[in-house]
Amino acid sequence: MMIDKSASRLYVTDRLEQVRNVHLTKDQSHYLVRVMRRKIGDAVVVFNGLDGEWHTTITNAGKSSCTLLVDQQIRPQIIEPDIWLVFAPIKKARLDFLVEKATELGVANLQPVLSDHTDVGRINHDRLCANTIEAAEQCERLSIPVVMPLIALDVLLRNWPQNRRLLYLDETGQGEPLASMVNPGVKDAILVGPEGGFSPPELGSLRALSNATGVTLGPRILRAETAALVALACWQSFGGDTCVKRIR
Ligand code: SAH
């Protein structure tokens with residue numbers, strides 16, 4: 001179907017099917033009606049991570065309570081690349097950037113971890129979630145990444161799932177080039193260290209973990225967010241995205 005390119009695109013939590021009403025949150029209603037100046041009859045594109053992407057029409061344009069009528073499916077839900085990003089929290093502006101770009105690059109799961117040299121000890125979970133939603137709406141993804149609670153790296157490693165490889169970005173130069181380690185269809189996680197790098201005991205635990213592999217991104221020392229994003233882009237172009245095509 002023809003979609004008005006200027007239609008706003010929103011993530012909603014309701015199930016989506018034909019002739020269903022979707023009630024937007026106060027913030028979403030404010031955004032549509034006050035900020036975007038949308039009116040009754042205008043088109044809005046919505047997705048919920050489960051039922052694909054749908055065309056809807058505004059039927060009630062209240063400034064704090066807006067209703068959409070779901071009318072036609074634009075794209076069915078697809079299985080998206082299964083890639084996790086495990087990262088140590090960094091300073092606010094860089095973290096916002098990292099989360100926005102990782103979402104655009106199709107990350108499925110964002111796992112913040114505390115490591116020995118992590119210097120930011122907390123995350124604002126709601127803020128990270130809001131960043132993922134905004135980026136997913138903008139980049140036309142059909143899902144939003146899951147943002148996991150902050151945990152200690154050693155706890156994560158002790159409970160690491162058997163069926164997922166952990167590709168850890170090793171700035172010491174040891175390890176295989178990432179591109180040579182990526183295969184379409186394999187479940188992976190990318191682990192990026194903090195600005196202070198991994199501690200020797202952490203590198204020891206990583207090297208001892210059976211399904212973890214050290215990878216290098218080349219001879220330059222990248223900032224944590226650069227390393228994470230380069231790794232995701234590389235993983236997607238040699239693995240994940242080679243299995244999934246854009247339909248529209
Ligand atoms: N302070 C450390 C650098 C940390 S860079 C030092 O001086 O050695 C932050 C993180 O980015 C690293 O822990 C690593 O996971 C990743 N990284 C940076 N450059 C990298 C590279 N060339 N190859 C692999 N990983 C890299």
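Residues are numbered from 1 along each chain as its sequence is written, and side-chain values use heavy atoms, with hydrogens and water left out. Because the model is predicted, local features need pLDDT of at least 70 and side-chain atom pairs count only at pLDDT 80 or more, while totals for chains, interfaces and linings use all residues.

User: Are helix 2 and helix 7 roughly parallel or roughly antiparallel to each other, and why?

Analyst: Helices are DSSP runs of H or I with at least four residues, numbered from the N terminus, and their axes are lines fitted to C-alpha atoms over the stretch in contact, with angles from 0 to 180 degrees between N-to-C directions. Helix 2 and helix 7 (residues 224-238) pack at an angle of about 5°, their axes lying 10 Å apart. Angles under 35 degrees count as roughly parallel and those over 145 as roughly antiparallel. Helix 2 and helix 7 are therefore roughly parallel.

User: How many charged residues are in the contact of helix 2 with helix 7?

Analyst: Contact means heavy atoms within 4.5 Å, and the helix 2 side of it includes Arg94 and Lys101, with Glu225 among the residues of helix 7. Asp, Glu, Lys and Arg count as charged. By class, the number of charged residues in this contact is three.

User: Which backbone N or O atom lies 2.6 Å from an oxygen atom of the ligand?

Analyst: The ligand is surrounded by 18 residues, counted when a heavy atom lies within 4 Å, and Leu169 and Gly193 are among the closest. A backbone N or O atom of Gly193 lies 2.9 Å from an oxygen atom of the ligand. The 2.6 Å distance belongs to a backbone atom of Leu169.

Terms used:
A polar contact is a pair of N or O atoms within 3.5 Å; within protein, one must be able to donate a hydrogen and the other to accept it, and residues adjacent in sequence count only if both atoms are side-chain atoms. Helices (H or I, at least four residues) and strands (E, at least two) are DSSP runs, numbered from the N terminus. Angles under 35 degrees count as roughly parallel, over 145 as roughly antiparallel, 65 to 115 as roughly perpendicular and the rest as oblique.
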